[in-house]
Amino acid sequence: MDFETINKMDKATDKTLPGFAKLSLGLLFIVVVFLWSYTSHGNVPNNSFLIIGAVFGAYMAMNIGANDVANNVGPAVGSKAITMFWAIVIAAIFEAAGALIAGGEVVKTIKKGIIDPALISDPEIFIWAMTAALLSAALWLNFATSVGAPVSTTHSIVGGVMGAGIAAAGFAIVSWGTMAKIAASWIISPLFGGVVAALFLLFIKKNIMFQKDMVTSAKKFVPYLIAIMSWAFSTYLILKGIKHLIKVNFLTATLVGLIIAIIVFFLVKPLIEKSAQKIENTRVGINSLFTIPLIFSAALLSFAHGANDVANAIGPLAAINDAIIKSAVSSQVGIPFWVMAVGALGIAVGLALYGPRIIRTVGSEITELDQVRAFSIAMAAAITVIIASQLGLPVSSTHIAVGGVFGVGFLREFLDSSESKILSDIRKKLKKDKKILDKYEAELISLEEKDKKSKSEYIRVVELYKLIEEKIEQVRIEKRDFKAKKRVKYVKRDAIKKIVAAWIITVPAAALLSASIFFMIKGIMS
């Protein structure tokens, strides 16, 4: 299938799925979840909240798909390594696979230990609190998606659980130490992601892009870069994506990842050398070498994200299910397959219907991306999570990815501003060349005004015409280079303000909304 056909499919998707159709399909999924949970749990006592919880869990999962998944595929789409249509297809498949295959059989009832469930002795109150947490987090994500702000779904559910917990049992129920760590992640995550992404981009620029023979440099360094990516992603997947299937420590995961990276290096090196023979010695040519690795990174990030973040949608739902079945509050609960399926399918449906909005924000509305920059962001996403988890630092995958986008954008600004000396040199050269050109023209005019010219003067006139023509072309090229160097590519400040504001208010906004919903439920049920 060629790119023209794929682009037509992209445009056709936009035309055939207007807002009303997307809303209808989303509601259809929720109705299916409602009907299934109603018919399969009709004999369960007090099943009303289980059915409501299933509906809210489906709604939450759809919003995770619409907002959070953009971090995995946004840079790849923005760099044009892959089209929106295929990004959604790949991400939906791997998100659902990650959730179903490696999503885990047991999750903690309260995500990240935000509150102590033992302080809520009444199972009914606990069920109300988890219902309020689910709905508030989903509503906040829905709002954030509608304004194009990529926010942390983990922080959304954390805020929801915290707000409902405080409304149910007071401020003492909250683990404020954990909340302080989460607040710290607002700074740690984007900074880590931005620095790591910028360092990788700087390495690629210095060793490949700024070299005279870029193709030869690419043949030397790109296989190592892809091997490092394979090492990082293998370790990341083993630690974060399949931890529920196979229990391994960090050292084992790192060694297995290293073996995979060595194998990938020897497989990729001849392929890169072969591809390098067909590309031009330009930025576009070098960028093309990173297209396939970017597609793999989007798929692997989606798998790991589905395995980890599906708990944001199904954790409270699993807790509601367990509390209703056992009539008691547990700190850890088993996850029935139907609960896992609601989370996995909901993420895929939400991504397909509403994901493009945030994908565009991350991929193109913050700063201009190409394959090399997007590759640096993908590397930052994997490496930062690994380092931070081993140091015990709280991080958000959303904040890391967006921080990576900021990082590559600000590095470009820095490199552009550091070219002031180059601009000054070009200015001086332009002035010097113009003086030489004026001198040639003056000499030519003087010679042409003579009625009688010697043979040597005729030869000099021909010479001057040639020199003037060459100098004019040289000045034209220098002017073009000067304009290109002078053009600074800035990160869009409005996008930064909107995204950072959304990050800061996510937890308190979800908490306030959750507390309000809890009191509303309590008022209705009392």
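Is Asp370 buried or exposed? Asp370 counts as buried, at 10% relative accessibility. Buried means under 20% relative accessible area, exposed means over 50%, and partly exposed lies in between (1.4 Å probe, protein chains only).

This is a predicted model, in which local features need pLDDT of at least 70, side-chain atom pairs count only at pLDDT 80 or more, and totals for chains, interfaces and linings use all residues. Residues are numbered from 1 along each chain as its sequence is written, and side-chain values use heavy atoms, with hydrogens and water left out.

## Salt bridges

The structure holds four salt bridges. A salt bridge here is a side-chain nitrogen of Lys or Arg within 4 Å of a carboxyl oxygen of Asp or Glu. Three of them are listed below, including two made by Asp370.

| Pair | Closest N to O distance |
|---|---|
| Arg283 and Asp370 | 3.5 Å |
| Arg373 and Asp370 | 3.7 Å |

Take Asp370 and Arg283, which form a salt bridge. This pair links distant parts of the chain, 87 residues apart. Asp370 sits in the loop between helix 13 (337-365) and helix 14, while Arg283 belongs to helix 11 (residues 283-288). Helices (H or I, at least four residues) are DSSP runs, numbered from the N terminus. Arg283 is partly exposed, at 33% relative accessibility.

Asp370 also forms a salt bridge with Arg373. Arg373 counts as buried, because its relative accessibility is 7%. Shared partners join Arg283, Asp370 and Arg373 into one network of salt bridges.

Lys269 is partly exposed at 27% relative accessibility. Glu273 is partly exposed too, at 33%.

## A surface patch on helix 10

Helix 10 (residues 250-276) also supplies the largest share of a nonpolar patch, five residues. The patch lies on the surface and is formed by Trp231, Leu251, Leu255, Leu258, Ile262 and Phe266. Together these residues have about 590 Å² of accessible area. Such areas come from the Shrake-Rupley method with a 1.4 Å probe, and for residues only the protein chains shown count as cover. Patches are made of residues with over 30% relative accessible area and no salt bridge; like charges are joined within 9 Å, and nonpolar side chains (Val, Leu, Ile, Met, Phe, Trp, Tyr) within 5 Å. Leu251 is one of the patch residues. Leu251 lies in helix 10. Its relative accessible area is 58%, so Leu251 is exposed.

Helix 4 (residues 70-78) is largely enclosed by the rest of the structure, because nine of its nine residues are buried. Among them are Asn71, Asn72, Pro75 and Ala76.

On a 1 Å grid over the protein atoms alone, a cavity is a set of points where a 1.4 Å probe fits but cannot get out, and lining residues have an atom within 4 Å of a point. Grid points are joined across faces, edges and corners, and a volume is the space filled by probe spheres set on the points. The largest cavity holds about 40 Å³ of space.

Helix 4, helix 12 (291-326) and helix 14 (371-391) each supply at least two residues of the lining. The lining divides into eight nonpolar, three polar and no charged residues. Here Ala, Val, Leu, Ile, Met, Phe, Trp, Tyr, Cys and Pro count as nonpolar, Asp, Glu, Lys and Arg as charged, and the others, Gly among them, as polar.

## Loops and contacts

Lys80 follows helix 4. Lys80 is found in the loop between helix 4 and helix 5 (84-102). Most residues other than glycine have a negative phi. Lys80 has a positive phi of about 65 degrees although it is not a glycine. Lys80 is exposed, with a relative accessible area of 70%.

Asp213 lies in the loop between helix 8 (176-209) and helix 9 (214-241). Asp213 is partly exposed, at 40% relative accessible area. Asp213 and Asn281 are 68 residues apart in sequence and 6.8 Å apart in space, C-alpha to C-alpha.

Leu464 belongs to helix 17 (residues 455-486). Leu464 is buried, with a relative accessible area of 0%. Leu464 and Glu443 are 21 residues apart in sequence and 8.1 Å apart in space, C-alpha to C-alpha.

Technical notes:
On a 1 Å grid over the protein atoms alone, a cavity is a set of points where a 1.4 Å probe fits but cannot get out, and a pocket is an open set with protein on both sides within 12 Å along at least five of seven lines; lining residues have an atom within 4 Å of a point.
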